[in-house]
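Have the sequence and the model open while you read.

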Amino acid sequence: MEAKVSVRGIVEFILRSGDIDNRIGSFTEQAMLEGGRIHREIQKRAGGDYRAEVPLAFVFHGNDVDIRIEGRADGIIENDTGVTVDEIKSTYADVMKYKEADPIHLAQARFYAYIYASLEALSEIKVRITYVNIETEEMRFFNETLKFSELEEFVTNVCVAYEKWAKLEIDWHEERNRSIEGLPFPFPYRDGQEELVTNVYRTIVHGRKLFLEAPTGVGKTISTMYPSICALGRDKASKIFYLTAKTITRTVAHDSIEILREKGLKCKNIILTAKEKICVTGETECNPEACPYAKGHYDRVNDAMYALLTGETAYTREKILEYAERFSVCPFEFGLDVSLFCDVIIGDYNYAFDPRAKLKRFFSEGSSGDYIFLIDEAHNLVDRAREMYSATLIKERFLEIKKAAGEELTLVAKRAERCNKDLLALKRECDSKLLEPDIEPFTKDVMRLYAEIEKVLQDAKAPEKKRKYDIPPELREELLEFYFELFDYLDIYERLDENYIKYCSFDATGNFFLKLFCVNPKVNLAECMDMARSTVLFSATLLPIQYYKELLAGKPEDYEVYAKSVFDPRKKGLFIARDVTSKYTRRGESEYRAIASYIHGVVSKRHGNYMVFLPSYVFLQNIYEAYEKQFFDPDITCIAQSSGMREEEREEFLSRFNEERTDSVLIGFCVMGGIFSEGIDLKNDALIGAIIVGTGLPQICLEQDIIKDFFDGRGGNGFDYAYRFPGMNKVLQASGRVIRTEEDIGVVALLDERFLQNSYRSLFPREWSDYDIVSLDSVSSSVERFWDEWL
């Protein structure tokens, strides 16, 4: 068996040294925008003797292991002067001030030169590093001519240093695969669960996507993890990325691996923790002057990794912190490096999809792997992806930077003012909104400002006596933060296509902003998912599936599965009100009293815990007050979710539902789509009823209307995409809080007559085929009949 590694991967892993330093430099990963438009333009203009994007690979035969090293050279030039391997790096910095090529970039080019010279039996070959300024397209070249023997010595030394890591990987691969042979499913299969497991495995083998509607109780985590682990054991894939939006589901994924480990599985897995939550100093000041763990980090991190990888298999936050402290390395960067040698990587969506945060170790541009993506709570990925692939710049921020730069940084101030004037011109055109403005002049000025700030930040890294600028730490921090805001904008600007809408408007505080809004994230998501062999997207509320396939990069040939619910549908009483609504035109005291009466009609028929889900905090307050005014009862306690609850306040709120209640009622008034309507697990009698007021429609706003108009203009139903489908998802999530186990019995009341319209009933899950239509006069007796059947 061969170990596999990319040219970039082996070079960066073996040759890195020194400090972590976030004080930004011309050669940082953020500034070096590999690939993209500028690369392609340079390659096109290079002439007929220039071959672009040349795939190269070779196998190094070591003492104990073979290592396959592969990559893609930016360019190979063959002409009368010989053969040159070209490595292109693009930046916003002044490339003419570069004194030498970055050692890592040079090492990559040397690897490609060695491979090509070996294939073509060349005695010598040239290497060129091309730095290009994105704005001006000015280029700076660094050239060297090397004998094949020199390249061979260099490459051999790097590969020999990597041998122990390759052997570690291969030995573990064989041990892991032996443990997966005959690994049993850890539980007796529930009805339909074996078929679900088979569908997931089939999807992986065929290299497709699976959109899986998995109702609560089907065991979606273990039912997707187990077949994925089996695929690893049969070399159908190399790694599993379990991606989710919530911490609790990451823990469930880890627990499912522990369950399989008890059955004999040997697996290395890690939960990636956000930098802010794992930073030892609590400051996330990642530079050698501010953090002792950053100073010399790269000199120690490989030793730390080897110790952890040979001593442990489950890399929890606690283990990462333990070894980081022992070797004095940054725990965040340490964890990311450890993930290279893991079988299962558990973390937030952004590690695979966010252009600002995705793991460059796996997902750099042009790379691909035989990975499996398991995307939990996939309904959340739509809004998260829109956020990840959008960018906003606020006019007032440029004025703040101009003021902060002052007389010390005159060119920064001047260029910030130029950007401010560009936005001021757009502001004068804007009443409340301005769609598709001309942003080309502004963007060019942003590029110039970005480059100037980079010079200042680069200067801050120099020894104190050699610094051109004397700026205080707080100004440097402000510039660094703004630098990344500009970078985000420029990165998204490069992605603009027909799936984006550019617009200007004013925020709640009156600030004027420009936004590059990714309305349909399918292209950006597809680019990421194409780096995996297979993707399984699952949720208890993935309806309608065609909506999610459209926005989450589905293809016609991808699979769709509606998993069978294991719960007895008769144990959930579903009631739909025919004479109340949350529509704006009907809101008022009369409607609030009617809704309060409905709530009382439901909760008065059995003691226990209930949640009422409402469209907004304002609506919540109105209903809460109406209920308390109409139905004072010492045996009924009402509590309400408040805006911006702290963690301890959330825990206190939920703890009330774990109290035994045999002769009293607790009603929790919550906001639909908020922290209590998704991701909480109140089993058995902890929650016996959910009362859902309204259809969950997002509040009418500029951005939702942009989504509506976007899909209307493309032959779709824009109202569905912008309002109805997202709203119904919130309804389904809220209703899913009630029945969590096969033993649970409870009621769900939908208090809005619109649910009786065909456009809503067509979105009901299969388990909602039986429901009672009730009125204010009949709801109490209908709920009473339901409980009488089960108590």
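**Notes on a predicted model**

1. Let's begin with the aromatic rings. The structure holds 51 aromatic pairs, and please keep in mind that the model is a predicted one. I'll take you through two of those pairs and then a cluster.

2. Start with Tyr-131 and Phe-142. The ring centres of Tyr-131 and Phe-142 are 5.9 Å apart and the planes stand at 75 degrees, so you are looking at an edge-to-face pair; the cut-off for that label is over 60 degrees. Tyr-131 belongs to strand E5 (residues 124-133) and Phe-142 to strand E6 (residues 139-147), so this pair ties together parts that are eleven residues apart in sequence. Are these two residues buried or exposed? Both Tyr-131 and Phe-142 are buried.

3. Now have a look at Tyr-450 and Tyr-483. Here the ring centres are 4.4 Å apart and the planes are at 20 degrees, so the pair is stacked. Tyr-450 sits in helix H17 and Tyr-483 in helix H18 (residues 473-493), so the pair ties together parts that are 33 residues apart in sequence. Tyr-450 is buried, and Tyr-483 is buried too.

4. Aromatic residues also turn up as a group. One aromatic cluster is formed by Phe-241, Phe-353, Phe-362, Phe-363, Tyr-371 and Phe-373.

5. Next, a spot worth a visit in the loop between helix H13 (360-363) and strand E12 (371-375): that is where you'll find Ser-364. With a relative accessibility of 15%, Ser-364 counts as buried, because buried means under 20%. Which residues does Ser-364 touch, leaving out those up to four places away in sequence? They are Arg-8 and Met-531. As for Ile-501, which is 137 residues from Ser-364 along the chain, the C-alpha atoms of the two are separated by 26 Å.

6. Back to H17, this time for its packing. Helix H16 (residues 410-429) packs with helix H17 (residues 440-460) at an angle of about 160 degrees, and the axes are 9 Å apart. Angles over 145 degrees count as roughly antiparallel, and H16 and H17 are therefore roughly antiparallel to each other. The crossing of H16 past H17 is left-handed.

7. What makes that contact? From H16 come Leu-411, Val-412, Arg-415, Ala-416, Arg-418, Cys-419, Asp-422 and Leu-423. H17 brings Pro-441, Phe-442, Asp-445, Val-446, Arg-448, Leu-449, Glu-452, Ile-453 and Val-456. Sorted by type, the residues of the H16 contact with H17 are eleven nonpolar and six charged, with no polar ones.

8. Some backbone details deserve a check as well. Leu-543 and Pro-544 are joined by a cis peptide bond, with omega about -10 degrees. Pro-544 is in the loop between strand E17 (534-539) and helix H20 (545-551).

9. Then there is Glu-53, which is not a glycine and yet has a positive phi of about 50 degrees. You'll find Glu-53 in strand E2 (residues 50-61). Glu-53 has a relative accessible area of 31%, so it is partly exposed.

10. Ser-328 is another non-glycine residue with a positive phi, in this case near 55 degrees. Where does Ser-328 lie? Look in the loop between helix H10 (317-327) and helix H11 (331-338). Ser-328 is partly exposed, at a relative accessible area of 26%.

Terms used. Residues numbered from 1 in each chain as written. Predicted model: local features only at pLDDT ≥ 70, side-chain atom pairs only at ≥ 80, totals over all residues. Heavy atoms only, no water. Axes fitted to C-alpha atoms, helices over the stretch in contact; angles between N-to-C directions. Helix = DSSP H or I, 4+ residues; strand = E, 2+ residues; numbered from the N terminus. Parallel < 35°, antiparallel > 145°, perpendicular 65-115°, else oblique. Left-handed = near helix turned anticlockwise from the far one by under 90°. Contact = heavy atoms within 4.5 Å. Nonpolar A, V, L, I, M, F, W, Y, C, P; charged D, E, K, R; others polar. Buried < 20%, exposed > 50% of the residue type's maximum accessible area, 1.4 Å probe, protein only. Phe/Tyr/Trp six-rings, centres within 6.5 Å; stacked < 30°, edge-to-face > 60°.
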